[in-house]
Amino acid sequence: MDNIESTRKTSKDDFITIPDLWHICVAHWNWFVASLIICLGIACYYLAVSPKIYTRSVSVLVKQETQGKTTSSKNNNDNDFNDIGLVRQNTNVANVERQFTSLQVLVEVAKRTLHPRNDRDALHMAESIKRRLKTNIENDKSTIINIEYSAPSTVEADRVLNAIVAVYNEQWMEDNNLIAVNSSHFIEDRLRLLRKDLGNIDDSISRFKKQHNITDLEHVSDIYLQQQSESDADIMRLSSQRSMAQFIYDILKSKAKNRQLLPTNTGLNNVLQEQINHYNSMLLQLQNSLTATSSQNPLIMKQEAELEELRHNILLTIENQIKVLGIQIDALQGYNEEASSKISSNPNQAKHLASVQREQKVKESLYLYLLQKKEENQISLTYSSKNTQMIDMPHGSDMPTSPKKTLVLFSAILFALIVPTVILFTRESLDSSVRCKEDIEHRTSLSLIGDIPLYLQKNKRNLIDMLFGRRKSNKIKLVVEPDKQDVVNEAFRYVRSNLEFMTTNRSTNNVYIVTSNYEGSGKTFIAVNLAVSLAIVGKRVLLIDGDLRHASASRVFHAKNKGLADYLAEQETDFDNLLYNSEKYDTLDVMPVGTIPPNPTELLSNKRMQTLIDNMRSQYDFILIDCPPAEALADTSIIEQYADRTLFIMRAGIFDRRNISDLDADVENGKFKHMSIILNATRLGGRYGYRYGYRYGYHYAYHYGKHYGGYYNRTNSKG
């Protein structure tokens, strides 16, 4: 259960909270300054080299009102107006919006405004215009289309917008006029044939009357003739419709005329009329598309297939219409024949004359009908208006809309803040090294007697050094001084108090080795400053430099040439000649290495080391032995057998916290005696360093931590 709770605490402590991340970022403020300088420089360069783009807009109204409609449009005359083609059908606003951005329109716009060298350049320019063009309908019920265009200058933008509206209106007028012109040609052809037929009928009647001396047969049977005239009117109307239907049917069946527009305003039923209008619209669209691309284009092939299907549907509708009209005409003619048989008293001449006159009336009625259609078609052609109307001229701000200076600078600042934050967060999340005392307490049962903030001597630094965190290398320095109340001195006082508490019998239980696992953990720095801290309060302290290979502690005190190595090599027998007394602290003695030997491990195995320790125990309150790293060399394991306790130095940022549990195994296996841990080089500005100050009270945490926080950083100095 304890292991489970410990694991939970460890996982919780490994998680980076927002306050932790904030203090990490504050500690690396120079990263953010450098990032801001770089990102703002890139943003300013982008703003300087990017061309300025201006956006202009125009509003276009798509007309939906009826042309030529009077206030009495609800009466029956509306059907006549619809029949003669003077009513404007409702326009699909979405289709108009799409046509504004069609390449067919934009190619012509490019030719008028940008003056391309050839059609290929015009197409490329049209595609470029389309990418910078935006359209939208104000709302679902509105017929107003807003068009926006972006260009390097307001003049070019206004010119393109005006050209788009003008070109669309012109092409729309051309399409409508083309239908009217084709209808006019059809009507002219029919009128010419009817004039010829009427002339032949008039000649036939004149010859018949002259031959049979007939003057007036109207009074022969007025009643029957009145009935026949009513049926004749119906036959005339149905015959006209059948003739029109047959003509359209012949056009659709003819392969030579499969690209010919069908006549409109034919008087046929509304369903067939709508199909014809749809057919003409699709045919015009196909012809326009063929001007800009080849017939092998999948879009063209799809349009042709749709057109063929519609042609087939119209043919079926016309066939049915012709059959229905034929049945109706046959029925009316049968009625006429029945009425004619009852006029038994009339001579055969009267029958023949009546038949010819009926045919004459049919032709005359059809002729008058086509004359009316001709005039109406001419009126429609002459007075047709544009489909759209510009209600807002090109307008917009004279300030460039791109690049957006505020947005670019804000994005640069945001990016400059996010990138270092992400890097720091990732680096901290992937860091498996010890960072604070909590990392140790949750992973081992060994006692932690203190943590020492990272200290680095103040150096003069230029701006580049400050931005990129470059520090000058420093030697091991004595930082503990009497009456000095900075964070480092308070930390050593805390360790000193714990050390005094542990050393209950200073005559037999006062020998400590100071070691670590890795070189650069700061064991020599801890050893020499801890010795000074004990000497300050009057404790008799002996510091032995047991690192016969580097003699780091000896160099700190500038000790004389003879020392421990000379004694172990039996070059010196008097202990007093080996000791170096600190001039500043009377109770502190240092035994340097002396002559660095070629065989330090063999010397340390000498029994003279035991003799030295036994003789010194009673003379000092504390004996501190600075040893080499335990993992790298066997020297520490040899010295450890003469010591009473072990001070294990664990450097924050170097020692892997996953290996902390191995220390418990080393103690259980007897490798170290009564081990205690000192955490070295904790960072005040790091993830957990800000908590350190509370150990010494609010005054020290705020005043001294703030004063010295700028000088704590990692060091690569040995010892």
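**Close-up views of a predicted model**

**View 1. A salt bridge joins Asp644 and Arg617.** In this predicted model, whose residues are numbered from 1 along each chain as its sequence is written, Asp644 and Arg617 form a salt bridge with their closest N and O atoms 2.5 Å apart; the term stands for a side-chain nitrogen of Lys or Arg within 4 Å of a carboxyl oxygen of Asp or Glu. Asp644 lies in the loop between helix H22 (635-640) and E11, while Arg617 belongs to helix H21, so the pair ties together parts that are 27 residues apart in sequence. Helices (H or I, at least four residues) and strands (E, at least two) are DSSP runs, numbered from the N terminus. Asp644 counts as buried at 12% relative accessibility, and Arg617 is buried at 14%, where buried means under 20% relative accessible area, exposed over 50%, and partly exposed in between (1.4 Å probe, protein chains only). Local features need pLDDT of at least 70 and side-chain atom pairs count only at pLDDT 80 or more, whereas totals for chains, interfaces and linings use all residues, and side-chain values use heavy atoms, with hydrogens and water left out.

**View 2. Arg540 and Asp621 meet through their side chains.** This salt bridge has an N to O distance of 3.3 Å. Arg540 sits in the loop between H17 and E7, and Asp621 in the loop between H21 and E10, so the pair ties together parts that are 81 residues apart in sequence. Arg540 is partly exposed, at 38% relative accessibility, whereas Asp621 is buried, with a relative accessible area of 13%.

**View 3. Glu631 forms a salt bridge with Lys671.** The closest N and O atoms of Glu631 and Lys671 are 3.7 Å apart. Because Glu631 lies in the loop between E10 and H22 and Lys671 in the loop between helix H23 (660-668) and E12, the pair ties together parts that are 40 residues apart in sequence. Glu631 is partly exposed, with a relative accessible area of 46%, and Lys671 is partly exposed as well, with 31%.

**View 4. Eight strands form an open sheet with mixed pairing.** The strands follow the order E5-E12-E11-E6-E10-E7-E9-E8, and two strands are said to pair if DSSP finds at least two bridges between them. Strand E5 (447-453) and strand E8 (580-581) stand at the edges, each with a single partner strand, so one side of each is left without a neighbour in the sheet. Strand E6 (residues 511-515) pairs with strand E10 (residues 622-626) in the parallel sense over four bridges, and Val514 stands opposite Asp626 in E10. H17 packs on the sheet, where it touches strands including E5, E6 and E10, and its direction makes about 165° with that of E10; such angles run from 0 to 180 degrees between N-to-C directions, the axes being lines fitted to C-alpha atoms, for helices over the stretch in contact.

**View 5. The largest nonpolar core has 36 residues.** A nonpolar core is a set of buried Ala, Val, Leu, Ile, Met, Phe, Trp, Tyr and Cys residues joined through side-chain atoms within 4.5 Å. Ile452, Phe492, Leu499 and Leu543 have the most contacts inside this core, and its largest share, nine residues, comes from helix H17 (residues 523-536). Leaving aside neighbours within four places in sequence, Ile452 is in contact (heavy atoms within 4.5 Å) with residues including Val488, Phe492, Phe525 and Ile678.
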